[in-house]
Every structure is written in C-alpha cells, then in structure tokens.
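These are my notebook entries on the structure shown below. I set down what I looked up, one topic at a time.

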Amino acid sequence: MVERYVMSIDQGTMSTRCILFDHQGRLVSVGQREHEQYFARPGWAEHDPAEIWSHLRRVVVPRALDGAGIRPEQITAIGIANQRETTVVWDRRTGVPVGHAITWQDTRTSGYVEELRRTTGDDFFLERCGLSPTTYFSAPRLRWLFDHVEGLRERAERGDVLFGTMESWLIWNLTGGPGGGLHLTDATNASRTMLMNIRSLTWDDELLAYFDVPRAMLPEIRSSAECYGMASALLPNVPICAALGDQQAALFGQTCFATGEAKCTYGTGSFLLVNTGTELVRSRHGLLTTVGYKVGDEPPVYALEGPIAVTGSLVQWFRDRLGMIHSAPEIETLARGVEDNGGCYIVPAFSGLFAPHWRSDARGVIVGLTSYITRGHLARAVLEATGWQTREVVDAMNADSPRPLRQLKVDGGMTSNNLLMQFLADVLDMPVVRPMVSETVSLGAAYAAGLASGYWPDLEGLRRNWHRAAQWMPTMDPARRETEYENWRRAVERSLGWARS
Amino acid sequence: MAGPVQSIERAAAILRLLARGSGRLSLGEVATSLGLAKGTAHGILRTLQSVDFVEQDRATGKYQLGAALLHLGTSYLDINELRSRSINWADALAARSGEAVRLGVPLEGKVLIVHHVFRPDDTFQTLDVGSLLPLHASALGKVLLAYGATPLEPLMETEQESYTRHTLVSPQQLNRALGEVREAGWAAAIQEMMMGEADIAAPIRGQGGLVVGAVGISGAMDRLCDSKGRPQASLVGLTRDAARAISRDLGAARW
C-alpha cells in the first residue's frame, strides 16, 4: 500500500516552510525558503506577497516532496498556518498585489490607533471583536491603505480588489488565482482583523462601518478545519482542509484541547495561549481574547493570548547588530561562561511592550551596568528577558483564569536552548515541557487538515501522538526568584514612558 | 604520484599574506601581492570564507583571517549550534525508533552529552545533557574514536576501565572494534557499560566530511537487538539516516 501524508504549509514572518507528516505525526520532510524583509521607513515592515507565493510554488513545496521522494497524489490534505494580521490586498482579475503586504510588526498606524482609542475608547472594540486597538491588528492597516492609495476604496467597493491575511492570499492562489480562486479565511485569522464579531464569527457591520471597509473585498469566514476545496496547478486535486493563525496552530499542534491547557511558542516574539473552552473569557489583566480553533460545525473554542513582541529577535539583535555572537545558539555558550547576570537586566521594549503592559511609549533599556559586566552577563540578561516576560504573562493568565497553570508546554526555535528552558522553569516555578515535535505550528496545521479529511479520526487520536521529548524542573531558591523578579519589575518601570510622540 | 595542487598552494599563500599584514586587505591587494588574476584570488578567498578561515568585513569588503583559524584543532562547531541544528532529526529518530536519543561530542577523553531526547513513552525521565560517558564503552564514543574526532593514543597505552564482562578493555580489542566501525559506518555497544543495555550510534559530519559528533539511540538490549544479540538492522538504518540528515544540515554535502 502506498504511504500517505499530510502537508503543512507554514507561511511565517521570516520564511515559508512546507513539512510533510506521517500518520504518527512524525516529521518526514522539510522544504524552506526565507523571503525578503522590507523596512522602507522607521517602523515599517513589509513583505512581497508575490515573492512568497513564488517561493512556495517553485522551491518550498517541490523541496519537501523531492526530499522524501513523495508524489503529490500521496498527499491526503493540505493545512496552512500563517503569520497573523499581515495585510494583503490584491487585484481580483490579475492576481497582482496592491503594493507590499504590511506585516504585523509594522507600526505606521500608531497615530491613527492612538486617535481612535482616544475618541472612541477601547470598550466599543472589546465588546465586538475582543481586542483593544493596537497597531498589531489588520483593520487599521486596511484603513491606512485606503487613505494612502489613490482610488483603492472605490476599487474595493466594486469588488475589484480583495483583502486577506496570508492564508487567504495563498489559498486563493493555490485554488486557481484569477481563474476561480477561492477567497476565504478561517475564524482564528479573522479574529485578528478587528473586523469580526468574536461571538457570531461573522463580519461585524458596525466595525466595517467604523473602519469604512467594504464587505465586497472581504473573504468568507470558514472553520479552521474543514475541506475548502481542491488545489489546482501546484498540487492538483489535493484538498485544502485547514487554515489557522500560526499561534493557534501551535495550540492545536500541542494538543491543548482541554480548558486550562496552555502553550508558549518561542520565535521572533513569543506567544502564550491558554484554551478557555467554548466560553469567551474577557481579560482584566492585559491579555487578548481570541478564537483558538473551530473544527467543522462544532462550536468555536476560545483562547486567552499573551503576545510578547521581542524574545528571539533580541537574540538576533545581539548577533546581527551588536555582533557579540556568530549564530543564535552560540548565545548559550557565551551565557554559560558566567555564573549569573552580574546585576544586569535588559528590557527589550524595541517598539513598546505588548502583553501584559501594552505600553507603546516604552523603549528598550539595559540597567545595572557596572565595569564588572562582560559580554557573558549581557548574554544572560538577553536570555533572562525572555524568561521574565513569560513570567509576567503567566501571572496575568493566572489572575484571569480560575485554574492556575500547573505546567507550561513550550515549542519553537528557542526551546533548543537548555539554559533558557531551565531558567524558564526556575522563574515560573513549574515544569516546562517540550514535545517530541518542536515544529508545532506546522504540526497543528497538519493535524487540523488531517482531522477534516479523515486521515486522523478524532482529537483523542491526535493527543496520543503527543510525547514528551524533554522536561525541565524548577530548582531556583524561592528567595532568589523573588529578588530577581523584583529587579526585573524595577527594570521594566525604567523602560516606560521613554518615547514621546 | 600527483604533484602539488596549485589552488591549495595559492590558498596557503593567501593565508600567510593575511596573517602577515597588520590590517585587512582588499581583493585587489591580495591579487597584486601574489600576482594572481582577480578572478582566481576571488574564487580562493570565497572558498576560504566558506570554511571560516577568512572573514570579509561587511562595510569595506576587505578580507582578514577568520576566527576558525584560531581554533584549529579544537572543536570548531559550537555545541549549542549542533543541538539546534539536530533537534528536528533527533526528535524524528526518537519518534521512529521508540528509544531515547543522545548526541555526543568529545571532551577531554570522554563523550559529552550535548542533546538528549526522551524515550517517547511519557515515563518519568531526566535530562542527561552535560553528563559524560566513557569513550571505549559507548557506541557514541566508539564513533568519535573511529573517525578521529578525539585522539585514540591515550586509550592504546593501558587497559581501560571494565564496567561489565563485555567491556572492551584491551587496546587490541578496541582497535579491532574501531576498524569494524569504520568498515560498517556505525557503532554499537552491547552490554559494554551496563548489563541488559545497548546503544547504537553513527557519525555526524560537518563541512568537508570531518566528524564533529555522534548521534545514537540507547535502551534495553532486548528491544535494540535481535534474538542473536545483534543490533536490529531497522534501528541501525534509522540511526544512520538521522546522522546523515544532520550532516547534510551542517553542510557535509556528500553524506
């Protein structure tokens, strides 16, 4: 019998990857390609959607297939995970994007966002979409495009241009593009636009009116796991059966299917999500309410999310801008050269602080510098910043949810850093667990697609695929933990209010 | 016998030139100093750069000796980098074999465990990273010895510590076993450190094919070996596949 596989496509901030998984949820083959980052002005961050689609078609998918000698007809379903909130607008007839995609990191809308928080207030938005306005979400960016691209709103009104986040763009292209491509999104991605009603999971008329977005340009909101249609050219007759925002995909890949189960993914930024079940929990401590996933016709499962803007990217900064190390993993070597942080703390508020602070006026600080401090101490402080930022989000989660977190499931590139993982267990005072497949974003998209296509029978079956690959137990002296946390909080205080608009 | 390879002679001359100068040299300066065509000098410099013997300043484009030259003879691959590049393949090996996976590199006459993936049965296990194994009584160690990743001479002078009656203690026994490892391309240690336990390992190669570490599985002998006490061929295959995949990631193109 011919072996069959599920294909997962992860369109991320830095690269696009295609991974094939077998029936046991084991990684079989990987294709990957980085894409260009465009920083045209301070605070701007763009991608070229045409380049991303071209990479996927010409390099990423072929490499994954060729790497394991697998033919397209052996693929039973495709699942897509994607960088969230990144805004793409394209011409329905030609398939040509209107300019670059404006990514989630882009802060060009900060003035507009400040204004609408001042004039309209957070409650209007929280009530409808579960989010308070920040530059992070899509709707303000769409509005910015209307204000800056001549005639765009009229074209949108006529239905000549389409809007989507990255999964919409890729699905439209995969299913035929100008020749009948499907224009759709899923509830997790739509929950990050500020345009979807968080209860009904439909586009919200009042929000559309507020941001002046014509309905004609919006994709249809579908479940995260259901077969949307067949791919055409690249993978003929293979069904596309899932789409999820990358962080929700990781929640799914970590099989956090029960209320109270949480995961944190450590990448460029870090994102802690806790499953709150079918109940919609409103945070009082700086977390976001979001759709966790929606499987077929079942009711949606919600999540509380704590996004941290800068974690892995602080290590990249340490490598590329300061030139302290040659490769990211080397930071562990450097940090292990010293016993502790030497009294030094780094708060990486490069473009303000996300959860739980939400302070756009914060900027990065390094405090506690003395002539004693070496590169090794700075390396420690870089890693510890990720630990303490996680602690702040976990504290907020525990304050919002009746059931305190007992352990943290982790994934992402930084989980290969043993020093950081031990520090995390130490500052959280709970076990930190890494699963056998650390590519949980890709795995989650594969799981959702395999579930919808019948490749896997049910959630319990998926849960049985989850295995512990490593575990770190807390060993830090409680008194020291408290002192260090206190120091961190004092450092955060010093980062606040630095930027003046 | 073939004569000297001209491009290697030229590469050596470029390294000597860069070592002699106080600062950095441009491509033009390197080419004229040695009487080479610019294209030739550029090709050699780029190759030296790819093996980290030469570095190019991003701003000025000038060349200087690379950091790797200073560490010639010591491990040139950072162990944390090795873990980071291996993690997906080590996970896949554990998932496929059903056994615990370890990565080892040489450290002062021992095997240093730099990465450990639990046996995927969700029983309580603790991380071994940072612990040391004997070279002569582990499959990981035998791989490192067989492929010259760590010097063999100290082990050839005296008998080695015996852990079980299967431990290879004499230099002759060990030498013969290492020859077999080189022949086969993988190593096993069956009840050589502990009765009832076995491990299987294969070499991880870096740039140019140099062995920088070993990856292997370990567990109960009755799972790892067949009824005749020989390592299961399927497990050997999985281990070698994982080692090759990691080697490819590290830039060892032919493996």
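**Entry 1: Chain B overall**

I began with burial in chain B and found that buried residues make up 42% of its 255 residues. I note that the model is a predicted one. For secondary structure, I recorded 10 helices and eight strands in chain B. I then took the extent along the principal axes: the C-alpha atoms of chain B fill a box of roughly 70 × 40 × 30 Å. Among contacts in chain B between residues at least 6 apart in sequence, I found that 56% join residues at least 24 apart.

I looked up the domain assignment of chain B, which gives domain 1 as 6-70 and domain 2 as 79-249. Over C-alpha atoms, the centres of domain 1 of chain B and domain 2 of chain B are separated by 38 Å.

**Entry 2: Where chain B touches chain A**

How many residues of chain B are in contact with chain A? I found 18 residues of chain B in contact with 18 residues of chain A. Helix α5 (residues 79-97) of chain B gives the most to the side of chain B that touches chain A, with 11 residues. I sorted the residues of that side of chain B into nine nonpolar, three polar and six charged.

In soluble globular proteins, nonpolar side chains tend to be buried together. The largest nonpolar core here has 206 residues, and those with the most contacts inside it are A:Ile78, A:Val382, A:Ala448, B:Val143 and B:Val215. Helix α12(A) gives the most to this core, with 11 residues. I also noted a second, separate core of 10 residues, which includes B:Leu18, B:Val30, B:Ala31 and B:Tyr63.

I followed up A:Ala448. Leaving aside its neighbours within four places in sequence, A:Ala448 is in contact with A:Gly79, A:Ser224, A:Ala225, A:Ala242, A:Leu244, A:Phe252 and A:Tyr293.

**Entry 3: Helix α16 of chain A**

Helix α16 (residues 478-495) of chain A has 18 residues, and from its first C-alpha to its last I recorded 26 Å, close to the 26 Å expected at 1.5 Å a residue. Which residues of α16(A) are buried? They are A:Glu484, A:Trp488, A:Ala491, A:Val492 and A:Ser495. These residues cover an arc of only 100° around the axis, which puts them on the same side of α16(A). I found that the buried residues of α16(A) pack against β17 (345-347), β18 (365-367) and α12 (375-400) of chain A.

The face of α16(A) turned away from its buried side carries exposed residues, namely A:Pro478, A:Ala479, A:Glu482, A:Thr483, A:Glu486 and A:Arg490. After α16(A) comes A:Gly497, with a positive phi near 75°.

**Entry 4: Helix α3 of chain A**

A:Gly130 follows α3(A) and has a positive phi, near 80°.

**Entry 5: Loop residues**

I closed with residues in loops. A:Pro72 has its place in the loop between α1 (49-67) and β5 (75-82) of chain A. Is A:Pro72 buried or partly exposed? A:Pro72 counts as partly exposed because it has 14 C-beta neighbours inside 10 Å. Leaving aside neighbours within four places in sequence, I found A:Pro72 in contact with A:Leu65, A:Leu235, A:Pro236 and A:Val238.

A cis peptide bond joins A:Ala355 and A:Pro356, with omega about -5°. I located A:Pro356 in the loop between β17 and β18 of chain A.

I then looked up positive phi values in residues other than glycine. Phi of A:Thr255 is near 50°, and A:Thr255 lies in the loop between α9 (246-253) and β13 (262-266) of chain A. With 23 C-beta neighbours inside 10 Å, A:Thr255 counts as buried. Phi of B:Gln191 is near 55°, and B:Gln191 is found in the loop between β6 (187-190) and β7 (197-205) of chain B. B:Gln191 has 18 C-beta neighbours inside 10 Å and therefore counts as partly exposed.

Methods
Residues numbered from 1 in each chain as written. Chains lettered and ligands numbered in written order. Contact = placed C-beta atoms within 7 Å. Helix = DSSP H or I, 4+ residues; strand = E, 2+ residues; numbered from the N terminus. Nonpolar A, V, L, I, M, F, W, Y, C, P; charged D, E, K, R; others polar. Domains from an automatic or database assignment. Expected span 1.5 Å × (residues − 1). Buried ≥ 20, exposed ≤ 12 C-beta atoms within 10 Å, placed from the backbone. Arc of directions from axis to C-beta. Core = buried A, V, L, I, M, F, W, Y, C linked by C-beta atoms within 7 Å.
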